[in-house]
Amino acid sequence: MAQTTDLTTKLEKIDDDIWELPVSCRDGMRVPGRIFLSEALLGNLENEAIEQVANVATLPGIQKYSMAMPDAHVGYGFPIGGVAAFDEEEGVISPGGVGFDINCGVRLVRSSLQKEDVVPHLDQLLNGLFDAVPSGLGSKSKIRVSEGELDEIFVAGSQWAVEHGYGVKADIEHCEGNGRIEGSLPDQISKKAVKRGRPQLGTLGSGNHFLELQCVDEIYDEETAKAFGLEKGQITFMIHCGSRGAGHQVCTDHLKVLMSAAKKYGIQLPDRQLACAPAQSKEAQEYFGAMAAAANYAWTNRQVIMHQSREIFEKVFNMDQDELGLDLVYDVAHNVAKLEKHEIDGKTKRVYVHRKGATRAFPAGHKDVAKAYRDVGQPVLIPGSMGTPSYVLCGNKTGMNISFGSACHGAGRVMSRSHAKKSFSGEDIRMQLEDRGILVKAAHPSVIAEEAPEVYKSSSEVVDVVHRVGIARKVAKLLPLGVVKG
Amino acid sequence: MAVGTKYEYMEHTADARFRAYGENLEEAFEHAAEAMFNVMIDTSDIPCKFCLPIEVEAHDLEMLLVEWLSELLYVFEVDCIVLSSFSVSSIKQKDEIYSLKATACGDKIDLNKHEFETEVKAVTYNNLCIEESEGNVMVQVTLDI
């Protein structure tokens, strides 16, 4: 059962927006915890989330700090918003630091359309998107890939989709890691994961997944916005989803193996969800290969969804996608582990960075940043909750030292789904948003209630902390016009 | 907790956590399955048109509970059957292996008829616990949604 010590009282203020959880506050912590929060956001952080920061700090080979971003809230294993890096040789790899929805992530598409072009067609556009992209529980894809094709997807990621007519070559170059993680091991994917993955390519899923039409409301950094192709008044389109059943099954399967492995290698687990194994062990490497495969599936999924969506835009506006300027700005993963090089204590080290509900935010000049953005830094996409602004940020050099080049991933929940359903009527929320000019389409009204704007922290406050601390700088604010809810 | 409560949902910011009760392990596991499916849909009107035998094994009881619920999620997704009624006939331990035999029943998913809410993505080990006392079993599970 969860320990009940109030860890909030143990947090020490290091600087504005930076809090430290000392090693002394919990047995077994190898490094301190570090939480990036404003005073205002601190009140929303659950004790259990701080416990989870402490739990992660006990894992072998952890470097510098067990971190939590300003959107942090209680998760399972890692907190949501958790970031930790583990030494390539002496550290561990843990599915608890990635989660079930492997490579859940966000992509942003820009357009040459202005708000006034879209508003008269908003309803038609949303209905078209809702029909084209299967969403919600129990929905099935119109595409059914063979087992052989699925193996190719697990290895190639976005590239498979483009080669099969779902998009253009430039799309690949505008994804984190070119839309794939190397080292995929499709033979580590169970038959069950294959069965779940085959009928779901190009589906949104449910929960907090969405498609959103937005309008650029404010530009904070003209030069960087120009590099990202963003300007005030422009229409953008955002996709938020992940690896669907395939990813969930990969995590379920490998957790079991890593649970036994943790025992075998004598690793003490404060929470069984943190099951892990030494990074170079067979068990950890097999999980990493399967995780990479699921991550590649997720990139393919978002690529296929973007393609289906572009076709709807073409139909509604009777223009082709080049005329519509429907270019991919960027695609980021926010549930993933990656082998990266970081400067730690004056030395360059290779570490497995786990980001669970956190976004990579690499700066200008980094070789892993897409060529198109290498002079300014990587776009960091932060979706707001339904009806609230989303933000585009850009990775800063200082972020590499502060948080292994990692930023927040969203607004972060503050209210449970069951509480939300009791407090709000989905239909009321839909009408309130409509009054503000925001249309919402969902399979069922209760999924709207669960994701009501009030159940999240303020996305603006969360993003401001990331900006002030220096992890990433604000570039643009996007306001929603229409949402398709999964 | 009221007498006869099969399960109750606990507050959890992002996910769904419940406690399920029973006179024995078998009954508590049945009620846990009911609790999990009722996160996604009100199962009270779902008839038992299809019945499936379920057998799972694990190294300990907690893992067996996760295996059982994960298997049901898999059946739901792959066989497209929304499950509403569960009968666990036995939970046994032999040497280092725990095994469960059960039947799960429900109806084919029909999106015109079934109003689904949020999807349960997976069953987690987070704060998982099983408490057994004479004639009373409580299991606590956190679902990723």
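In chain A, Ile153(A), Phe154(A), Val155(A) and Ala156(A) of helix H5(A) meet Ala293(A), Asn296(A), Tyr297(A) and Thr300(A) of helix H11(A); meeting here means being in contact, with C-beta atoms, placed from the backbone, within 7 Å. Helices (H or I, at least four residues) and strands (E, at least two) are DSSP runs, numbered from the N terminus. Sorted by class, this contact has six nonpolar, two polar and no charged residues. Nonpolar covers Ala, Val, Leu, Ile, Met, Phe, Trp, Tyr, Cys and Pro, charged covers Asp, Glu, Lys and Arg, and the others, Gly among them, are polar.

The model is predicted: local features need pLDDT of at least 70 and side-chain atom pairs count only at pLDDT 80 or more, while totals for chains, interfaces and linings use all residues. Residues are numbered from 1 along each chain as its sequence is written, and chains are lettered from A and ligands numbered from 1 in the order in which they are written.

Helix H10 (residues 244-264) of chain A has 21 residues and reaches 31 Å from its first C-alpha to its last, close to the expected 30 Å (1.5 Å times one less than its number of residues). H10(A) is mostly covered, with 15 of its 21 residues buried (20 or more other C-beta atoms, placed from the backbone, within 10 Å of a residue's own). Just after H10(A) comes Gly266(A), with a positive phi of about 70 degrees.

Between the chains, 33 residues of chain B are in contact with 41 residues of chain A. On chain B's side, H2(B) gives the most, with five residues.

Technical notes. Contact = placed C-beta atoms within 7 Å. Buried ≥ 20, exposed ≤ 12 C-beta atoms within 10 Å, placed from the backbone.
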